[in-house]
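Visitor: Hi, I have a structure open here and a few quick questions. Could you walk me through some of its residues and elements?
Guide: Happy to, let's have a look.

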Amino acid sequence: MQQTTNTILMIRPIGFRMNEQTAVNNYYQKVIDNLLPETVNTKAQQEFDAYVEKLRGVGINVVVVDDTKEFDTPDSIFPNNWVSFHENGNVGLYPMFAENRRVERREDVLEALESQGFKIENIVDYTSAEEEGVFLEGTGSLLLDRKNRKAYCALSPRADEDLFIEFCEDFEYTPVIFTANQTVEGKRKAIYHTNVMMCLAETFAVICLDCIDDKKERKLVVKHLTEDGKEVIRITEDQVNNFAGNMLQVKGKNDELFLIMSQAAYDSLSKAQVNIIEKHCKILSSSLDTIEACGGGSARCMMAEVFLPKA
């Protein structure tokens with residue numbers, strides 16, 4: 001099993017803006033007052049295109065599918081929440097918290113991958129859980145250590161424990177469950193997605209342990225990471241606010257490893273942290289300021305990893 005892939009799926013936005021339906025529990029979203037909606041979308045498209053160009057520049061295979069005007073999908077730029085692709089040809093489809101995000105799930109996106117020679121054997125569909133008000137938002141909610149068959153999940157309104165365990169049974173992962181919080185107006189509130197405070201790479205993990213208030217849970221997470229031989233790189237809550245947890249390791253040309261992050265995330269890192277990461281792999285960063293501010297998500301959220309076999 002491979003932990004990293006050379007192929008990622010990205011969705012180019014058409015109507016990107018701050019999504020009022022997700023802002024209720026995504027405390028990273030902000031309204032940019034002085035920008036018209038069209039301007040916000042244009043800026044997001046510019047950031048998206050520059051990002052894709054950088055990724056392709058180091059040999060990462062980026063499959064870009066345009067969003068459609070058919071529905072109002074302000075968050076379509078974050079496909080990793082509704083779909084996951086696995087080495088055995090399985091595709092996971094996930095239940096989404098915001099109603100206007102449910103229409104992001106599009107069959108033609110899967111067809112676009114098939115047209116590139118990828119093989120889809122089986123679709124594992126959890127979306128009926130939406131009817132019960134139960135959610136598990138893809139690799140936003142669950143972080144997969146594909147090599148060691150462990151799945152990490154910070155429970156939140158968008159990550160249901162029972163559904164997570166069901167996923168682990170279906171896909172044969174050992175569940176590692178904890179709660180991660182952030183301080184919002186003086187109160188501790190659940191972080192909406194695990195991948196905001198944690199990143200799993202082949203030989204290391206970037207994680208904000210300060211978000212895990214329960215000491216037992218914190219120890220458990222560290223134990224799992226270290227017993228699998230991963231160097232634990234700690235980040236602060238302030239760095240999480242700059243999306244330093246929202247990173248993804250991807251393979252470029254000749255299987256060279258890159259840790260992908262936003263410019264804001266990179267700028268928030270200390271020299272020491274950068275040095276530790278660069279012992280393991282190169283860093284690639286790109287400015288995603290508009291996307292981060294309005295979308296409350298960053299570099300990792302924009303990439304759905306494709307592990308599917310080739311036909």
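Guide: Let's start with cysteine 168, which is buried, with a relative accessibility of 3%. Buried means under 20% relative accessible area, exposed over 50% and partly exposed in between, using a 1.4 Å probe and protein chains only. This is a predicted model, where local features need pLDDT of at least 70 and side-chain atom pairs count only at pLDDT 80 or more, while totals for chains, interfaces and linings use all residues. Residues are numbered from 1 along each chain as its sequence is written, and side-chain values use heavy atoms, with hydrogens and water left out.

Visitor: How many disulfides are there?
Guide: The count is zero disulfides, a disulfide being a pair of cysteine sulfur atoms within 2.5 Å. For cysteine 168, the nearest cysteine sulfur belongs to cysteine 153 and is 8.0 Å away.

Visitor: Let's switch to helices. What does the length of H6 look like?
Guide: Helix H6 covers residues 215-227, and its 13 residues should span 18 Å at 1.5 Å a residue. The expected span is 1.5 Å times one less than the number of residues. The end C-alpha atoms are 18 Å apart, in agreement with that. Helices (H or I, at least four residues) and strands (E, at least two) are DSSP runs, numbered from the N terminus.

Visitor: Which residues of H6 are buried, and which are exposed on the other side?
Guide: Val221, His224 and Leu225 are buried. The buried residues of H6 fall within an arc of 95° seen down the axis, so they line one face of the helix. That arc is taken from the directions from the helix axis to the C-beta atoms. Lys215, Lys216 and Lys219 are exposed on the other side of H6.

Visitor: What covers that buried face?
Guide: The cover includes strands E7 (150-154), E8 (174-178), E11 (198-200), E12 (204-207) and E13 (231-234). Histidine 224 has a relative accessible area of 11% and touches Lys150, Tyr152 and Val176, leaving aside residues up to four places away in sequence. Contact here means heavy atoms within 4.5 Å.

Visitor: What follows H6?
Guide: Just after H6, glycine 229 takes a positive phi of about 75°.

Visitor: Now H3. Which of its residues are buried?
Guide: In helix H3 (residues 107-115), they are Val109, Leu110, Ala112 and Leu113. These cover an arc of only 150° around the axis, which puts them on the same side of H3. Glu107 and Ser115 are exposed on the other side. Just after H3, glycine 117 has a positive phi of about 95°.

Visitor: Where is threonine 68, and what does it touch?
Guide: Threonine 68 sits in the loop between strand E2 (61-66) and strand E3 (83-85). Its contacts, not counting residues up to four places away in sequence, are Ile14, Thr73 and Arg106. Threonine 68 counts as partly exposed, at 22% relative accessibility.

Visitor: Last one: is strand E16 enclosed or open?
Guide: Four of the five residues of E16 (residues 282-286) are buried, so the strand is largely enclosed by the rest of the structure. Strand E15 (residues 257-262) runs parallel to E16, joined by five bridges. Lysine 282 in E16 is the bridge partner of phenylalanine 258. Two strands pair if DSSP finds at least two bridges between them.
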